[in-house]
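Work through the following exercises with the sequence and the model open. Each task is followed by a solution in steps.

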Amino acid sequence: MKEKKADIILVEDSDYDAELAMRALARVNLHKNLLHLRDGAEALDYFFGVRNEDEAFKLPRLVLMDLKMPKVNGIEVLQKVKSSDKTKTIPVVVLSSSNQEKDIEACYRYGANSYVVKPVEFDSYTKTVAEISSYWLMHNQTLK
Amino acid sequence: MENNKQTILILDGTIDNMDALAKALENKNRVVLKTTDALEGAKLFASEKVDLIVTDPHHYDSDQSEIFDALRKGNLTDIPLLFAVNNDAEETKISSELTGHMIDFVKRPADPAVVSARANHLLEIKQLREEVSALREELGKYKSTSEQSEKKLSEMEGSIKKKDELVNASAQELQSFVYTVSHDLRAPLRAINGFTQILEEEFSKNLSEEALRLFGMIKQNATKMGRLIDDLLTFSRLSRKQIVAETMNMNDVVFAAINEIGKAQPHKAKITAKDLPAAKGDFSLIKQAIMNLLSNAIKFSSRKENAEIEIGALKAENENVYYVKDNGVGFSMDYADKLFGVFQRLHSEGEFEGTGIGLAIVKRIISMHGGRVWAEGKTDEGATFYFSLPL
């Protein structure tokens, strides 16, 4: 199954934001092995659900995740991903609309690798998402 | 003073005895009334405020006037009685009959010194009793007022607590409201901006110049609204921020502000900073305030050939006054009081861009430090913005 081999997981409840992120990644050619999940519950299911016992399952090399999402929010996903031995080495980049200190602090406390306040301008948005994604993908590559 | 004199009423059936008692008791601080006649005695008693009655058992037994009637019925207990008795039996009898009275006895033949001493003693007791009861009354009044005050106080405390809770609740509500606004308003803006740009870039071949210009306007506005949201958030966050006051070298603060503004807002203005006195405050907040003032000065002098901005300080009592002066378009003093309000702008959007929050932020930062802000200007002749920091 294709989705089990996704390189990048994008967790984003807004289809608009998801599309912008995917287009941003497309500019640096990172959009091909991308899986879009629509909320925290889907993300938890992806990482820790039954089907992931399947041998073909491969951990993604990068997670891009929104914070404010229905059902299970980004902080909860972050906490679970970063406290499980299986998933804690995956770089998680939080993409959020919030520039509130308490959100930023909480994310870094729970182990987020980067926190990006989504810029309103498309150019800086694209640039930021592309750069930070490339950085963590590269970083993850070197570790392996 | 006549009023402060004490009155002793002597009622004795025998003139000699009566006179002897009177002689023993008279002094300049007293009025001594005496009579052998029961009716006369009653009259005297009714007309004067009597502090002590001196009498003997015989008179007590025979007198049917209202005084002794009342005494026997257990009334008039506030008037002390001094009896000149002949023997113990009389003393015992009267003691048993007149319970609850202030009562004392002298044995006949009475030593005048003893009579005087006993009388003094009774009068003192009476006076003390009166004082005590006056104090009691006072205390009672005080108690009831203090009870009322306490009740009022606790009511007030209660309502203050309620108001406190309300204020806290609404502050929290506001905070979460602001948070939601910041988060949820930005997302659609990003989409508007993003998709407009994608349209421009990916479909530019099919788009006319005019269509591209219009897309540009959409983007500009979305971007501007993003900036508005950011500024509003900064402003609302300031009210919750605790200031970290330390001694700041204001030259350093200004240097940092000039540096940062140069990066954020490239300009051609010549900025000169004079030597500034140190102040106490939060470095990053004061820097922010100066940056906002500089940003304004740069903006409003941008059309001048030789835009000049000067940062300096004035001497003042109990405070340092700093200023940022420019030679830009200035403003009319008629509107000076409107400068520091949120969303107040004196220039149209077409003339100068801006969100109208910059100076409101300056004002809030300076107020948080206990200082003041004000401005002076003249249309087309530049503006000077002042802020003070208490020493």
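**Exercise 1: Chain B as a whole**

In chain B, 66% of the contacts (heavy atoms within 4.5 Å) between residues at least 6 apart in sequence join residues at least 24 apart. This is a predicted model, in which local features need pLDDT of at least 70 and side-chain atom pairs count only at pLDDT 80 or more, while totals for chains, interfaces and linings use all residues. Residues are numbered from 1 along each chain as its sequence is written, chains are lettered from A and ligands numbered from 1 in the order in which they are written, and side-chain values use heavy atoms, with hydrogens and water left out.

Task: state how many helices and strands chain B has, and what part of its residues is buried.

Solution. Step 1: chain B holds ten helices and twelve strands; helices (H or I, at least four residues) and strands (E, at least two) are DSSP runs, numbered from the N terminus. Step 2: of the 391 residues in chain B, 39% are buried. Buried means under 20% relative accessible area, exposed over 50%, and partly exposed in between (1.4 Å probe, protein chains only).

**Exercise 2: The largest nonpolar core**

Solution. Step 1: a nonpolar core is a set of buried Ala, Val, Leu, Ile, Met, Phe, Trp, Tyr and Cys residues joined through side-chain atoms within 4.5 Å. The largest one has 43 residues, and those with the most contacts inside it are Met250(B), Ile286(B), Ile290(B), Leu294(B), Phe385(B), Phe387(B) and Leu389(B).

Step 1: Helix 9 of chain B gives the largest share, nine residues.

Step 2: turn to helix 10 of chain B, whose buried residues are Leu359(B), Ala360(B), Ile361(B), Val362(B), Ile365(B) and Ile366(B). Their cover includes helix 7, helix 9, strand 11 and strand 12 of chain B. Just after helix 10, Gly370(B) takes a positive phi of about 85°.

**Exercise 3: The interface**

Task: describe the interface of chain A and chain B by its buried area and its salt bridges.

Solution. Step 1: 22 residues of chain A are in contact with 24 residues of chain B. Step 2: the two chains bury about 2,100 Å² between them, 51% of it on carbon and sulfur atoms; buried area is the accessible area (1.4 Å probe) that two parts lose on being put together, summed over both.

Step 1: three salt bridges cross the interface, a salt bridge being a side-chain nitrogen of Lys or Arg within 4 Å of a carboxyl oxygen of Asp or Glu. Glu201(B) and Arg27(A) meet in a salt bridge at 2.2 Å, N to O.

Step 2: on the side of chain A that touches chain B, helix 1 (15-27), helix 4 (101-109) and helix 5 (122-143) of chain A each supply at least two residues. Helix 1 of chain A gives the most, with six residues.

Step 3: Thr126(A) lies in helix 5 of chain A and is buried, at 4% relative accessible area. Not counting residues up to four places away in sequence, Thr126(A) touches Ala24(A) and Arg27(A).

**Exercise 4: Salt bridges within chain B**

Task: for the salt bridges Asp51(B) with Lys126(B), Glu97(B) with Lys93(B) and Arg186(B) with Asp230(B), say where the partners lie.

Solution. Step 1: the whole structure has 28 salt bridges over all chains. Step 2: Asp51(B) and Lys126(B) meet at 2.9 Å, N to O. Asp51(B) is in the loop between helix 2 (38-47) and strand 3 (52-55) of chain B, and Lys126(B) is in helix 6 (residues 112-202) of chain B, 75 residues apart. Asp51(B) is buried at 5% relative accessible area, and Lys126(B) is buried at 4%.

Step 1: the closest N and O atoms of Glu97(B) and Lys93(B) are 3.3 Å apart. Because these two residues are four apart in helix 5 (residues 88-97) of chain B, about one helical turn separates them.

Step 2: the closest N and O atoms of Arg186(B) and Asp230(B) are 2.2 Å apart. Arg186(B) lies in helix 6 and Asp230(B) in helix 7 of chain B, so the pair ties together parts 44 residues apart in sequence. Arg186(B) counts as buried at 3% relative accessibility, whereas Asp230(B) is partly exposed at 27%.
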